[in-house]
Each structure stands twice: as C-alpha cells, then as structure tokens.
Amino acid sequence: MESDVHPSTTAVTAGRPPRIPDNPVNTPIVPASTFHAEGSIEYAREGNPTATAFEEALGALEHGHATVFSSGMAAANAILDLIPHGATVIAPINTYTGVAVRLKELAERAFINLVLLPVHDTQRILAALPKADYLWLESPTNPMLDVADVEICLTAAKANKVISVVDNTFATPVAQRPLTMGADYVLHSVTKILSGHSDLLMGAVITSDPQLTDQIHIRRILLGAMPSAFDCYLALRGLRTLYLRYEKSESNARAIVERLRGDSRVSRVRYPDWGTIAAIEVVGNADLVCRSTNIWTYATSLGGVESLLERRRRWPLESETVPENLIRLSLGIEHPDDLWADLDSALNKA
Ligand SMILES: *Cc1c(COP(=O)(O)O)cnc(C)c1O
C-alpha cells in the first residue's frame with residue numbers, strides 16, 4: 001500500500017501502530033532496557049518499539065531497511081567498521097568533517113588506501129573505480145555544496161563491484177533516493193533535516209540487501225550506539241513534517257540566494273539551485289556577520305525550523321580546502337523577507 005502513494009503521504013502514514021480500536025495513533029515512547037524473553041527485541045541495544053516505528057517510516061521513504069544509531073557519526077562509524085583491512089576507498093575531498101577525519105585516521109594507520117577526489121569530477125571518479133573497493137559519496141557536500149552525479153557514479157560502482165555509500169543528509173529522500181540508484185548504504189545524520197527541530201542527536205543507515213542490513217544491525221549491538229526511545233519519538237514526530245519543512249526551507253533558500261547573487265558584499269554564493277542549505281563567501285568580516293543577526297541564529301548544525309549561520313573554519317578540524325570567509329546558511333521556515341532584512345543588515349555591519 002505504501003508504495004502506491006506519494007512519498008509525502010508515506011512520511012505521515014508509515015510507522016504507525018495497527019488500526020485497532022483504542023490503539024494509540026502514535027507509537028508511544030517505550031523506556032525499557034529489557035523485554036520479556038523469546039520475542040524479536042529482547043534487549044534495548046537490539047531494538048526498541050519507538051525506534052522500530054521511526055525505522056519503518058525512514059525505511060519506507062528511502063526504499064530500504066533503516067537502522068537507527070545514537071548520532072550520524074555513530075552510523076558512519078558502523079559502516080566504516082565493516083570496511084576490510086587494505087581496502088581502497090574513494091571519498092570526496094570535501095566530505096563532512098567528522099567522516100573526513102575518520103577516513104584520514106584509517107589511512108594514516110595504513111588500514112585503508114584513501115583516494116580523495118572532487119565529488120563533482122565524475123570522470124576522475126569513474127577512472128578511479130576499477131582499482132577501488134569502496135566509493136563514499138556525499139552530495140551535496142557539507143559545507144561546500146559540491147554535487148556529485150550520483151546516478152552515474154553508483155551505476156559505475158556497481159559495474160566495477162565497488163561497494164557504495166551515500167551520505168544523504170543534505171538531500172534527504174525528498175530530493176534523492178540513492179538505494180533506487182544502486183547504492184549499498186545510505187547514511188543520514190537524523191539530527192539535521194530529517195528530525196528538523198535541533199532537539200536531538202541521531203543517525204541512520206539504510207540498506208536494501210538483507211545481509212548488509214544484518215551486518216549493520218550487529219554493528220549497532222556491538223558498538224552500543226542505540227538512541228533513546230525519547231529521541232526516536234521526537235525524530236519520528238519531526239519526520240512527519242519533513243515534506244512541508246523541506247519545501248518551505250527550499251523556497252526560502254532560493255529567495256535568499258537570489259538576493260545574494262550579484263551582491264557586492266559577497267564574493268561567492270554556493271547553492272546547487274535545490275535543497276535547504278547554501279554557503280556564502282563574504283568580503284567583510286565573516287565572524288562579525290554571524291554575530292550581528294537577530295533572527296538567524298549563530299550556531300553550528302543545520303536542518304532545523306530555525307535558520308542558522310556559521311563560519312565553518314572556526315572549527316580547528318574543518319578542512320583547509322574550506323575558505324576562511326565561508327558562512328554556511330541553513331534555511332528554516334521563517335518568512336523570507338524577515339530573513340533577508342536580518343542578513344542584509346548583518347552584511348552591512350561587517
Ligand atoms: C552532521 C553530519 C554528520 C554527522 O552527524 P551527527 O548527527 O552530528 O553525528 C554526517 N554527515 C553530514 C553530511 C552531516 O551534516
């Protein structure tokens with residue numbers, strides 16, 4: 001039934017309790033470390049009914065089986081933990097900071113051979129695939145907004161028997177469903193757009209091959225990275241409005257980017273013309289821009305209903321390829337005229 005309806009309907013209907021009189025319409029928060037024996041859960045690192053409800057909804061949206069983790073990094077590390085010693089891994093030069101640092105750590109310990117390539121340079125990725133074992137994609141990238149030709153790269157990866165991972169945090173299943181294009185693993189920081197309210201940390205891995213799903217589930221049990229039932233409840237509540245929030249945030253992003261393009265206070269606008277995140281390189285003092293807003297919040301992270309901005313290079317671990325004056329803009333659901341007036345005045349002060 002789910003597959004016959006629009007995905008924005010699935011976001012609302014999936015992961016509900018059975019329609020039995022007096023059953024709750026929403027899956028309750030089930031705080032439990034242990035469950036009566038001989039069932040399908042048994043112990044809370046193996047699962048939780050509130051987590052299962054969220055996993056059903058996200059799995060339906062991504063066309064696979066979702067496994068939740070206590071953060072996006074915990075989910076990423078579960079995938080990294082399955083990479084065999086000596087594997088050659090292609091990854092984007094500009095991938096999410098935490099993932100980039102972990103990949104470099106593994107390479108420095110000679111556990112993997114790391115091949116870093118610009119994710120938008122399809123020809124170089126295709127040329128590197130015959131000698132690779134893994135392809136790690138992130139598209140659009142955080143915070144540079146580089147976009148990969150995901151379908152071409154995944155098709156070629158499959159043809160070369162290369163295992164593929166797509167970090168789909170920025171695109172979300174609203175814009176991109178990598179499993180339908182042949183990806184082996186889809187990764188999410190649920191913390192961001194999927195949950196959408198900046199009130200929890202959570203990650204997820206979505207797979208369609210039952211063997212990979214099993215392996216990822218076992219990683220969660222052994223790494224011990226299970227989110228709380230309360231966070232799963234909040235995340236599912238946030239996921240119900242994913243399509244509404246995404247559409248509004250995307251239209252805000254377009255409205256703000258349109259005004260920024262050609263503005264002499266900004267030397268570059270990075271925006272793929274879709275999605276809810278943009279980045280600007282400012283001519284004036286970028287820190288001062290971040291400190292001068294009243295509606296936009298100066299804070300890290302992204303994907304919430306409130307608009308956030310941040311100069312990424314203030315973080316010591318951020319890649320040196322990210323310009324010092326780059327400010328990441330995460331568009332929320334406020335009125336675009338108010339967002340523009342606030343940003344406009346902050347740019348004037350810097
Ligand atoms: C935030 C983020 C992560 C890490 O997720 P956490 O929930 O912060 O651990 C991974 N990938 C991308 C693209 C992100 O933006």
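This is a predicted model: local features need pLDDT of at least 70, side-chain atom pairs count only at pLDDT 80 or more; totals for chains, interfaces and linings use all residues.

Trainee: OK, the open sheet. What is its strand order?
Mentor: Seven strands, in the order β1-β7-β6-β5-β4-β2-β3. The pairing is mixed.

Trainee: Which are the edge strands?
Mentor: β1, residues 65–69, and β3, residues 113–117. Each pairs on one side only.

Trainee: And what does the twist average?
Mentor: It averages 20 degrees from one strand to the next.

Trainee: Take β4 and β5. Do they run parallel or antiparallel?
Mentor: Parallel. Five bridges join β4, residues 134–138, to β5, residues 163–167.

Trainee: Which strands does α3 touch?
Mentor: Helix α3, residues 72–80, packs on the sheet and touches β1, β4, β5, β6 and β7. Its direction makes about 155 degrees with that of β6.

Trainee: And α8, which strands does that one lie across?
Mentor: β1, β6 and β7. Helix α8 covers residues 210–223 and runs at about 15 degrees to β1.

Trainee: Where is Leu-223, then?
Mentor: In α8. Leu-223 is partly exposed, with a relative accessible area of 43%. Leaving out residues up to four places away in sequence, it touches Asn-77, Ala-78 and Asp-81. The C-alpha atoms of Leu-223 and Asn-77 are separated by 9.0 Å, although the two residues are 146 apart along the chain.

Trainee: Back to α3. At what angle does it pack with α4?
Mentor: About 30 degrees, with the axes 10 Å apart. Helix α4 is residues 97–108. An angle under 35 degrees counts as roughly parallel, so α3 and α4 are roughly parallel to each other. Their crossing is right-handed.

Trainee: Which residues make that contact?
Mentor: From α3, Met-73, Ala-76, Asn-77 and Leu-80. From α4, Gly-98, Val-99, Arg-102, Leu-103 and Leu-106. By class, that is six nonpolar, two polar and one charged.

Trainee: What about α2 and α9, how do their axes cross?
Mentor: At roughly 35 degrees, and the axes come within 8 Å. Helix α2 is residues 49–62 and α9 is residues 229–239. This crossing is left-handed.

Trainee: Which residues are in the contact of α2 with α9?
Mentor: On the α2 side, Thr-50, Ala-51, Ala-53, Phe-54, Ala-57, Leu-58 and Leu-61. On the α9 side, Ala-229, Cys-232, Tyr-233, Ala-235, Leu-236 and Leu-239. They divide into twelve nonpolar, one polar and no charged.

Trainee: Switching topic. Which residues of β11 are buried?
Mentor: Leu-308 and Glu-310 on one side, Leu-309 and Arg-311 on the other. Both faces of β11, residues 308–311, are covered.

Trainee: Why would neighbours end up on opposite sides?
Mentor: Because side chains in a regular strand alternate between the two faces of the sheet.

Trainee: Which strands is β11 joined to?
Mentor: Two bridges join β10, residues 297–298, to β11, and those run parallel. Four bridges join β11 to β12, residues 326–330, and those run antiparallel. Leu-308 is the bridge partner of Thr-297 and also stands opposite Ser-330 in β12.

Trainee: Is Asn-142 buried or exposed?
Mentor: Buried, at 4% relative accessible area. Beyond residues up to four places away in sequence, Asn-142 touches Thr-95, Tyr-96, Phe-170, Leu-302 and Arg-328. Its C-alpha is 7.7 Å from that of Phe-170, 28 residues away along the chain.

How values were computed: Residues are numbered from 1 along each chain as its sequence is written. Side-chain values use heavy atoms; hydrogens and water are left out. Two strands pair if DSSP finds at least two bridges between them. Axes are lines fitted to C-alpha atoms, for helices over the stretch in contact, and angles run from 0 to 180 degrees between N-to-C directions. Contact means heavy atoms within 4.5 Å. Angles under 35 degrees count as roughly parallel, over 145 as roughly antiparallel, 65 to 115 as roughly perpendicular and the rest as oblique. A crossing is left-handed if the near helix is turned anticlockwise from the far one by less than a right angle, and right-handed if clockwise. Ala, Val, Leu, Ile, Met, Phe, Trp, Tyr, Cys and Pro count as nonpolar, Asp, Glu, Lys and Arg as charged, and the others, Gly among them, as polar. Buried means under 20% relative accessible area, exposed over 50%, partly exposed in between (1.4 Å probe, protein chains only).
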